[in-house]
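Here are my notes on the model, for your review. Please read them beside the coordinates.

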Amino acid sequence: MSTPRPDTLEAALARVFEGRMIDRASWFALTGGEALFHEGDPADTLYLVRNGRLGVFRHEPGQPSQFIGVVRPGEPVGEMAMLAGAPHTASVVALRDSEILALPRDAFFEAARTEPDLMVELSRLMIQRARDRRSGAAEPSVFGFIGLRPRPVRPFVDRVAAAIQAMGFTCRVIDHSALSSATEWFSRVEDAHDYVLYVAEADEPAWAALCARQVDRVFMIGNPLLAPPAAPPRRPGPDAAHRQPDLILLRDARLTRPANTRIWLDALNPGRWFHVAEGVADDASRIARVVTGTAVGVVFSGGGARAYAHIGVVQALHEARVPFDFVGGASMGAVVGAGPALGWTDAELEAHIRQAFVRTDPLSDIAFPIVAMTRARKVERLLHDAYGEIEIEDMPLPFFCTSSNLTNGQVQTHRRGLLRQAMRASISIPGVMPPVVMDDQVLVDGAVLKNFPAEIMRQMTNGPIVGSDVSQARGVDPASLENPSWLHWLVSGAWKKGPPIVAVLMRSATLTTDAEIEASRAITDLLIQPTPEGMDIRDWKAYDAPVEAGYGAAVAALSTLNGPVTMMRRQRRVSDDAPSGTHAETAAGSSRPPASETPAPGRRRARPGRPG
């Protein structure tokens, strides 16, 4: 290990591990993909990474493992749980062949009594890592791009690298010519650049295997019009499930819509997938944002007709040139969010929503209430007209919607399958529309269990999250429930909205506790809260007012920022780490690109203009 400065945590740990505790410390090696420990395991040891890189993963039931961050040489791991005497809260897996030093808990505390700097420095690290969970620090920085198609993928990777450099970071592309290089050379290159992109072509199996072992994350690049390989490269190790590859389907720009995604997903089982058109600069820039942790996720809450406000939010975000890199939502929020995820213009989104919900009342086919108040046939027809046979996995942007699974009591995340069927489940308000039975599971409105699914968006991206939430907006009009009369209901024309029980059921289904909604809101980096006043939850004809409310709320929220939305999480990290007594940049950001002028803690200062 290189000799650290004496006033750093690395130096203090080195004195413990390599000093008088050397006889009680143990050394061992982890192969790439092997777990150091799993979530829930007892924590009785402090570990120090001597060589290699470890990945930290967290798993939620029914969701893919979430990549939390990277532990690099000289850094400890497992310290929080060890000090607390609690089980580990995440799994740690070797991203490549690594060397680990281990010190038992009792030996650590014995050494700490004679190393006063150790506890101080360790406390600083734990505080920083607690901040990292909010700000997206310690992100992966070494990526592999492995071609699964006959045509070279290097030109595409070069465009991604150029986009990364245009953002103010340093980036190096490494190809098969480095196959014979020594291990130390790879480490020097990685230390000298903000991002390193390894690229392997389809006819370079030995180099592809090395790339898969060397990097933090892997992108497989395929042609959607060709069949996936029978035996695609796999990351080695018993815990490779934690290290699912991402998939990029690179299509000819003349093909306006993605297709055949399902075949590739079945073959590779990727964690995420992205559709990219060959030679389109915006698509290369989107992958560059994914790599650099600046990709923007936009998530929309449910809220019945009040969710029209999200349309105004979309318009304001488009005007401000905020990119939509990931999109998701619950209930009517998902219906609105599907528009930008499909590449619809603002005019197209408005036209589809007006046709499906404004011009025709979607809940007017009242039925005898055996399972629900309506038959939902009208809704199904409207969804078919809007989405046809589009499958979620073929949407241009990564998209999810949620429903509530009454069979297992969990949130159901829809990332694959027919879009209209998933939408039908996501808006199936219990008692108002019949549930959807899918794969022997009974599904109802996503807002029942999670009205604002920001947590699910965080599992898809470590970049900034923009949330539009109407959860707390006005719900049921008390006057509509006072002295209800069938005659008044018919004469007043209120029957067009359905009986008052529909409003009660809709509001009950989307009611969320303050604690839960605040927890979801805390995950966002930019929270937009439209307040469409005086609007009933089932007032499908009231379109313009909520759209204006959403537009105004988004403009107001964006006006508080001092920099681009894409850089919010990096700039917040700088603000959190500013020394006491100095002026920190605002949490929302700075107009200066932090990657080139204000280095984030633990990161190298970017050097614009350095050869990549």
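In which sense do β1 and β8 pair, and over how many bridges?

1. β1 and β8 (residues 98-104) pair in the antiparallel sense, over five bridges. Strands are DSSP runs of E, at least two residues, and helices are runs of H or I, at least four, both numbered from the N terminus. Two strands pair if DSSP finds at least two bridges between them. A29 has E99 of β8 as its bridge partner.

2. This is a predicted model: local features need pLDDT of at least 70 and side-chain atom pairs pLDDT 80 or more, while totals for chains, interfaces and linings use all residues. Numbering runs from 1 along each chain as its sequence is written, and side-chain values use heavy atoms, without hydrogens and water.

3. The sheet is open, with four strands in the order β1-β8-β3-β6 and antiparallel pairing. β1 (26-30) and β6 (76-77) are at the edges with a single partner strand each, so one side of each has no neighbour in the sheet.

4. The axes of α10 (residues 309-319) and α19 (residues 544-559) come within 6 Å and cross at roughly 40 degrees. Axes are lines fitted to C-alpha atoms, for helices over the stretch in contact; angles run from 0 to 180 degrees between N-to-C directions. Contact means heavy atoms within 4.5 Å. Residues of α10 including I311, V313 and L317 meet a set in α19 that includes V547, Y551 and L558.

5. Mean chain pLDDT (the predictor's confidence in each residue, from 0 to 100) is 80, and 73% of the residues score at least 70. Over residues 1-7 pLDDT is below 50. Residues 578-612 also stay under 50.
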